Amino acid sequence: MTGGGMLRYGKMGPSVLRGYVHALARTIHAHTPVRIERGVRFVNIEHGSVTLGRKVHLYEGVRIDLHSRAARVSIGALTFINRRSEIIAVDSVSIGERCAISWDVSITDTDGHQLSHVDTSTAPVTIGNHVWIGARATILKGVTIGDGAVIAAGSIVTRDVPAHTLVAGAPAKVVRTDVAWT
C-alpha cells in the first residue's frame, strides 16, 4: 500500500504482521496521499481488491470486507468515510469522488446469508460523485445513486436514486429534487 496513511495492527506478532502487510500491498491500490486512521479494518483482504483515490480519508472503525476473489471496492478522490461505517462486497462497490459518508453507514452488494429456496444474488452498488450519505443509512445491493444526491440519516435505500435528489425513509423515497449541497 502506498500513501500517507497509517494502519494499526494491534498485537500481531512480526511474522503475522509481515504477511498482513504483504497481502495489503497486493490488494490495496492507493493514490497518495491517503489517510487511514487507526482501527480501520480490511477483512478478507486476500480476496479481491480495494482502490483508494487521492486524499481519501477513512476514519477510525471503518470496515471494508471482501467476500470473494472477484470482490472490488473503489473509492474516489477526496471522499471521506466516517466512523464505524462498513462496506461489504462480493461483487462490486464503487463510490465516486468528493463523497461525504457519515458514521454507521452500511453499504452492501449482497443479501448475505441464504434462505431456503431463495436467491441471494449479488448486484453491484454504484455511488456517483459528490453524494452525501447521512448517519446510519443503509445502501442495499443493486442500487445506483446519481451525482449530487443526498441520502437522509437512517434511510434504507433499496432502489436507484436520481442525480441531485434527496431521499429519506425506510424504504427511501424521493423527498425533493434539484438539490445541491456544499
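W181 is buried, with a relative accessibility of 15% (buried means under 20% relative accessible area, exposed over 50%, partly exposed in between, using a 1.4 Å probe and protein chains only). This is a predicted model, where local features need pLDDT of at least 70, side-chain atom pairs count only at pLDDT 80 or more, and totals for chains, interfaces and linings use all residues. Residues are numbered from 1 along each chain as its sequence is written, and side-chain values use heavy atoms, with hydrogens and water left out.

## Aromatic pairs

Rings of Phe, Tyr and Trp (its six-membered ring) pair if their centres lie within 6.5 Å; planes under 30 degrees apart are stacked, over 60 edge-to-face, and the rest tilted. That rule gives two aromatic pairs. One is Y59 with F80, edge-to-face at 6.0 Å between centres and 75° between planes. Y59 sits in the loop between β5 (57-58) and β6 (63-66), while F80 is in strand β8 (residues 80-81), 21 residues apart. Strands here are DSSP runs (E, at least two residues), numbered from the N terminus. Y59 is buried at 19%, whereas F80 is partly exposed at 30%.

W132 and W181 have ring centres 5.6 Å apart and planes at 45°, so this pair is tilted. W132 belongs to strand β14 (residues 132-133) and W181 to the segment after β20 (173-177), 49 residues apart. W132 is partly exposed at 41%.

## Strands around β6

Two strands pair if DSSP finds at least two bridges between them. Strand β3 (residues 41-43) runs parallel to β6 over three bridges, with R41 opposite R63. On to β9 (residues 86-89): four bridges join this strand to β6, again in parallel, and D65 stands opposite I88.
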